[in-house]
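Hi,

Here is the structure I promised to pass on. Could you have a look at it before we talk? My notes on its charged pairs follow below.

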Amino acid sequence: MNAVLVGLQWGDEGKGKIIDYLCRLSDVIVRFQGGNNAGHTVVVNGDKFVFHLIPSGILRKGKICVIGNGVVVDPKVLIEEITALKKSGIAISGRNLKISPFCHIIMPYHRLMDALREQARFRKIGTTKRGIGPCYSDKIARCGIRMVDFIDPKIFLQKLKDNLLEKNAIFRKVYGVKGFSAAGLYQEYCQLAKILKPYVCNLSDYFYKPKDKSFLFEGAQGTFLDIDFGTYPFVTSSSVIAPNALLGSGLGFVKLDKTIGVAKAYTTRVGEGPFPTELDGKYLNYFRTTGSEFGATTGRPRRCGWLDLVLLKQAVRLNNVSEIVLTKLDILDQLKKIKVCVKYRLTDSEVGGFPCDLSKAKPLYKEFNGWNSSTQDIRIFKDLPKPAKIYINFIEDFLGAKITFVSVGEKREAILKKPVKG
Ligand code: GDP
Ligand code: IMO
Ligand code: MG
């Protein structure tokens with residue numbers, strides 16, 4: 001069984017926790033897009049791991065983790081992540097971590113460009129400033145440095161010089177800042193390339209023969225941060241939706257059996273851009289504090305809002321979602337009333353549809369009773385309070401896709417299997 005798992009909102013839906021749970025059933029876990037803008041949290045026996053580049057399956061013994069060609073890799077961050085995991089006793093080598101030679105490398109000039117562009121923008125995007133956008137721009141402009149170039153010192157030096165010729169001129173002339181020395185960067189980054197070389201593996205060749213392996217593709221970000229279908233320009237620079245899993249991994253010969261969509265029981269967003277169900281005041285405060293809604297990568301406070309089913313329905317379509325995992329139900333435990341957006345008002349006379357410009361959407365809500373009791377220790381679906389089951393069943397019916405698991409806490413074991421409705 002091969003599956004893709006994607007976020008259905010604006011990221012931080014709890015993908016890391018669910019990958020860690022579901023990957024028991026897979027042999028290979030694959031990141032296929034994004035970079036260290038992602039922060040995927042897994043909590044095991046009180047220890048918190050936040051993954052930025054390495055798939056969240058690395059904690060399970062015997063799994064092969066893959067960083068596909070669609071990922072942009074900051075070598076420093078990846079090496080830090082490998083080192084930290086080794087320190088915690090997790091075995092990592094080229095046997096269980098494989099990196100595509102076609103990944104593009106994030107260089108310090110990408111990070112600087114990301115920060116300078118963001119500063120200069122009249123309407124900020126709120127990027128993570130990790131160099132993601134500039135690195136993907138270079139990939140498409142065909143001047144990027146791929147992993148295969150990076151680990152070949154001669155090619156690396158040539159490409160670095162070519163890039164700096166143009167980039168340093170932009171830094172100096174457009175932004176009035178100092179650029180980078182090719183010699184300095186070359187020396188420092190050649191050392192990093194040596195460390196990463198043993199992990200580089202031609203994935204299409206390696207995985208083509210053993211047809212018996214099962215794959216779990218780990219999406220980063222969320223559907224509405226997608227470069228094409230998200231709330232452009234307030235998006236990330238990659239295609240985050242499920243159809244990109246095969247392209248971003250070079251594993252086109254793998255047959256996908258299902259798409260799992262992860263959705264939070266409410267909505268959050270980090271960075272700028274439209275957010276129809278966004279809350280302020282006491283509810284914002286409630287979600288942010290109860291749900292610890294602070295970015296796993298940048299630490300920025302997340303914007304919070306009610307669950308938006310119109311948005312989720314669009315995400316179910318775009319990803320062809322066959323199963324949904326609902327996370328953070330426990331964060332609703334103390335609310336007396338819970339609202340869910342079931343329609344958008346687009347103009348004074350027009351209701352419905354998913355608009356091309358989400359900033360035009362005004363949410364219309366349906367209200368549910370809360371349950372005012374803790375769900376964190378519940379492990380069997382039928383033991384959930386009745387109003388919680390009503391809430392979950394309504395979501396399932398509205399979306400027309402089955403909810404298979406409900407997560408009720410950050411711990412690995414805080415998850416319930418939802419029986420299929422009869
Ligand atoms: P990701 O980027 O989608 O992997 O999500 P993040 O790791 O950025 O953010 C999700 C946060 O919620 C993390 O701190 C998780 O430990 C936490 N989390 C995941 N599922 C649950 C849940 O069901 N309940 C609670 N309380 N926390 C959860
Ligand atoms: P995970 O995988 C939440 C957001 C940034 C910003 C926009 C563009 O943990 O769900 P970028 O640095 O990608 O150019 O920033 O995208 N963003 C995320 N928000 N979770 C993420 O990843 C995100 N990755 C990027 O906050 O609004
Ligand atoms: Mg995250």
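This is a predicted model, so to speak of local features we need pLDDT of at least 70, and side-chain atom pairs count only at pLDDT 80 or more, while totals for chains, interfaces and linings use all residues. Residues are numbered from 1 along each chain as its sequence is written, and side-chain values use heavy atoms, with hydrogens and water left out.

On to Asp20: it is buried, at 1% relative accessible area (buried is under 20%, exposed over 50%, partly exposed in between, with a 1.4 Å probe and protein chains only). The structure holds 19 salt bridges.

Another one pairs Glu188 with Lys76, with 2.7 Å between the closest N and O atoms. Glu188 sits in helix H7 and Lys76 in helix H2, 112 residues apart (helices are DSSP runs of H or I, at least four residues, and strands are E runs of at least two, numbered from the N terminus). Both ends are partly exposed: Glu188 at 34% and Lys76 at 31%.

Then there's Glu293 with Lys264, at 3.0 Å. Glu293 is buried at 0%, and Lys264 is buried at 0% as well. Salt bridges with shared partners join Asp12, Lys264, Glu293, Arg302 and Lys328 into one network.

Cheers

Conventions
Chains are lettered from A and ligands numbered from 1 in the order in which they are written. A salt bridge is a side-chain nitrogen of Lys or Arg within 4 Å of a carboxyl oxygen of Asp or Glu.
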